[in-house]
Amino acid sequence: MDREPYETGRAVALLARCALRRNDLESARDRLEQARELVAKLRHEDAMRSRTLEALTQQVHAEVAIASGDLAAARTNLRQASEAFRQTNRPEEAIRALLALCGVEHDAGEHRRAADTARACAALARAAGLNKELSLAEARQAAAMLHIGQREEGCQMLRRLLREGNRESLSEVMLALAEASTMIGMRQDAMRYAESAGAHARSERHRGLVLAAYASALDGKFQAVRYLNEALVILKACGEGILGARLEAWLGGMALPGAAPADAGNAPDRGAQPTA
């Protein structure tokens, strides 16, 4: 490419993201390595632009780590990307990296970490006047609170968000309410919330999560296995390796179609609806 290192590096990082969308992890990693070399080259010429390119590269690296099921690398790169975006005066992207981080933590079942990350993200979004990001952060905080002994507080926050009706977070709010309903045995309510989430789904990830919510609400029934398998196909296709591994473990606990897993009444993480 006959362009300056910054433009070339940005193009290469975005090509890595395109390769990831095709589920071509090897090409994505090769492109990322090229982008890192350009970051290093640019560091001696323009420190600020190098840091900006590094932030994008770390963000894409995190996406590759998520697809690969590498929680540690995803967490490290999202934190580093958020800090780099903050240092280069890009607050929206810094907050979005933290939003992705709390989603990854929730996907991995690290709900206390997810709640803390989402709370910090909400504070930053509130201070910056970013209402869309604030609504998403609060939805993810509330979803995590369901699992850390703060279910009632989490439900209150979800009901408030539902009244506010922010379209960006509506699907995630509905998914969390479906999960809360399943946790207390209100499975018909859970199905209704999941159906509403499906009507407001904004991505393939959300559509996969809706199917997982159906599976959770139908726990112990043959249809649950079918929904969970369909969710896995969708989530793996859109690069959700960390969540996919968790759902596979759940599916593995369904020894026989139509039979509930052994500790069905005492597994707080089953059916968790992470946010995107």
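Is R75 buried or exposed, going by its relative accessibility? At 16% relative accessibility, R75 counts as buried, where buried means under 20% relative accessible area, exposed means over 50%, and partly exposed lies in between, with a 1.4 Å probe and protein chains only.

Before I go on, please keep in mind that this is a predicted model, in which local features need pLDDT of at least 70 and side-chain atom pairs count only at pLDDT 80 or more, while totals for chains, interfaces and linings use all residues. Residues are numbered from 1 along each chain as its sequence is written, and side-chain values use heavy atoms, with hydrogens and water left out.

Let me stay with R75, whose side chain meets that of E110 in a salt bridge at 2.1 Å, N to O; the term stands for a side-chain nitrogen of Lys or Arg within 4 Å of a carboxyl oxygen of Asp or Glu. R75 is in helix α4 (residues 71-87), whereas E110 is in the loop between α5 (91-107) and α6 (111-128), 35 residues apart; helices here are DSSP runs of H or I with at least four residues, numbered from the N terminus. E110, at 22% relative accessibility, counts as partly exposed.

A second salt bridge to look at joins E105 and R79, at 4.0 Å, N to O. Because E105 lies in helix α5 and R79 in helix α4, this pair ties together parts that are 26 residues apart in sequence. E105 is buried, with a relative accessible area of 1%, while R79, at 41%, counts as partly exposed.

Now to the nonpolar residues. The largest nonpolar core has 28 residues, and by a core I mean a set of buried Ala, Val, Leu, Ile, Met, Phe, Trp, Tyr and Cys residues joined through side-chain atoms within 4.5 Å. Its largest share, 8 residues, comes from α11.

Which residues have the most contacts inside this core? They are L175, Y214, A215, Y227, L228 and L247.

Two of these form an aromatic pair, a term for rings of Phe, Tyr and Trp (its six-membered ring) with centres within 6.5 Å, counted as stacked with planes under 30 degrees apart, edge-to-face over 60 and tilted for the rest. The rings of Y214 and Y227 have centres 5.1 Å apart and planes at 50°, so the pair is tilted. Since Y214 lies in helix α11 and Y227 in helix α12, the pair ties together parts that are 13 residues apart in sequence.

Definitions and conventions. Helix = DSSP H or I, 4+ residues; strand = E, 2+ residues; numbered from the N terminus.
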